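Have the structure open as you read.

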Amino acid sequence: MEDMLLFGNLAGNIRPPLAPRKYRERLLTLNDLTDKQLRSRYRFGRQSIQRITDIVRDDITHPTQRSHALSAEMQVLVALRFFASGSFMQVIGDTVGIDKSTVSRCVDKVSKALASKSDQYIKWPSEQRKRKFTNIVARWPGSVHDSHIMRCSQISEHLEQAHKCVEDGLILGDSGYACRSFLMTPYIRPTEPYRERFNTAHTRTRCCIERTFGWWKKRFYCLHAELRLQPEKVCTLIMACAVLHNLAIEMREPMEDPDDEIQMFWNINKDFRGPDEGRVVRDHIARTFFA
């Protein structure tokens, strides 16, 4: 009787054989699509996708082809598809024939690889860099005030030490920032005509900045949508999209209907009293050029 019980316990611990792993057909390819079709899906043409792949290849290539590992090209396509669509990873996986977890790993690896190159492609300008990002800070929660982020940034530290006069250049910001000698903000309640003209010129000049943010979000729709990722991964993804934006400008990737549905967010009602030095410089500029 004891032998029968022992045999029954041993038999109960035997695991059933595992089903053989099945690999779905992967539908990722560059060869069957035109540049226009590629841009509608990935936001980049064939040559640009190849260059992006070459930039991150050493960081994302699998050491072996075990378990049908994705090539560097496929990983980049999966990540670009997520950046461009902002869709659920499950949907992207079903579309291209891979598992949701594989999509997540691709997005994570490509994002980290691109973010690690930010120093090469996001630089403080030595010359005019039209529509390119020159500095990105993606580590603060949305509740932190813009002015505090600026005060804690390397850009602010650099300008406080190196900025000597107006000829050194100026940064434009909305009224959420403190008015500094190197950072001009609009007048909250302009009482003189020249101050109103200063505000008008200030708004028109800042227009290109707001438009750039609009292009950025339209090119990478994931920035519009809710990112269901850990905060650290979201910060990395934002930095990766900033690198891709600068690469798109550098490679002259066209933006279809760039001005459609791009809203300008100007708010001069947030009263932030800057240091007297900044207001003196602003008054000097307003009186000299707009009086």
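A cavity here is a set of grid points where a 1.4 Å probe fits but cannot get out, and its volume is the space filled by probe spheres set on those points. The model you are looking at is predicted. A search of the whole structure turns up 3 cavities of 30 Å³ or more, and the largest cavity has a volume of about 70 Å³.

**The largest cavity**

- Two elements, α6 (100-115) and α11, each give two or more residues to the lining of the largest cavity.
- The largest share of that lining comes from α6, with 4 residues.
- Sorted by class, the lining of the largest cavity holds 4 nonpolar, 3 polar and 2 charged residues.

**Where α10 meets α11**

- Helix α10 spans residues 193-219 and helix α11 spans residues 231-250; their axes come within 10 Å and cross at roughly 105°.
- Angles of 65 to 115 degrees count as roughly perpendicular, and α10 and α11 are therefore roughly perpendicular to each other.
- On the α10 side, the contact is made by Thr212, Trp216 and Arg219.
- These residues meet Ile238, Cys241, Ala242, His245 and Ala248 of α11.
- The residues of this contact between α10 and α11 divide into 5 nonpolar, 2 polar and 1 charged.

Conventions:
Residues are numbered from 1 along each chain as its sequence is written. This is a predicted model: local features need pLDDT of at least 70, side-chain atom pairs count only at pLDDT 80 or more; totals for chains, interfaces and linings use all residues. Side-chain values use heavy atoms; hydrogens and water are left out. Axes are lines fitted to C-alpha atoms, for helices over the stretch in contact, and angles run from 0 to 180 degrees between N-to-C directions. Angles under 35 degrees count as roughly parallel, over 145 as roughly antiparallel, 65 to 115 as roughly perpendicular and the rest as oblique. Contact means heavy atoms within 4.5 Å. Ala, Val, Leu, Ile, Met, Phe, Trp, Tyr, Cys and Pro count as nonpolar, Asp, Glu, Lys and Arg as charged, and the others, Gly among them, as polar. On a 1 Å grid over the protein atoms alone, a cavity is a set of points where a 1.4 Å probe fits but cannot get out, and a pocket is an open set with protein on both sides within 12 Å along at least five of seven lines; lining residues have an atom within 4 Å of a point.
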